[in-house]
Amino acid sequence: MADPTLHGNGYACPACEMRREVEDKTQILRPKVPCNVCAGLGRLGYTEAEIVARTVEEARRVYWPEFEKRISEVCHG
Ligand SMILES: [Zn+2]
């Protein structure tokens, strides 16, 4: 299982976020919130397949528009 705390590997646990809204107003040195959903980690991980799919989607969004524009110019005049 990929580390859900790494950027892009997971997302904030919605159960913890709801509790933090009322219990925790600090941005740094946040106390642990006991949670049955994420076991107190505060993050839920994507599966490896979801991580790959999201990475490909982002690469397509960021890098491929210019490539596809060139291809369409060649193919369609
Ligand atoms: Zn949680």
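Two residues are in contact if their C-beta atoms, placed from the backbone, lie within 7 Å. This is a predicted model: local features need pLDDT of at least 70 and side-chain atom pairs count only at pLDDT 80 or more, while totals for chains, interfaces and linings use all residues. Residues are numbered from 1 along each chain as its sequence is written.

Start with Tyr11, in strand S1 (residues 10-12); strands are DSSP runs of E, at least two residues, and helices are runs of H or I, at least four, both numbered from the N terminus. Leaving aside residues up to four places away in sequence, Tyr11 touches Arg43 and Leu44. Tyr11 counts as exposed because 12 other C-beta atoms lie within 10 Å (exposed means 12 or fewer, buried 20 or more, partly exposed in between, with C-beta atoms placed from the backbone).

Next select Ala39, in the loop between helix H1 (14-23) and strand S2 (43-45). Ala39 is not a glycine, yet has a positive phi of about 60 degrees. Ala39 is exposed, because it has 9 C-beta neighbours inside 10 Å.

Then go to helix H2 (residues 48-76), which has a kink of about 60 degrees at Trp64, shortly before Pro65. The bend is the angle between axes fitted to the seven residues ending at a residue and the seven starting there.

Finally, colour domain 1 (1-46) and domain 2 (47-77), whose bounds come from an automatic or database domain assignment. Their C-alpha centres lie 31 Å apart. The contact takes 4 residues from domain 1 and 5 residues from domain 2.
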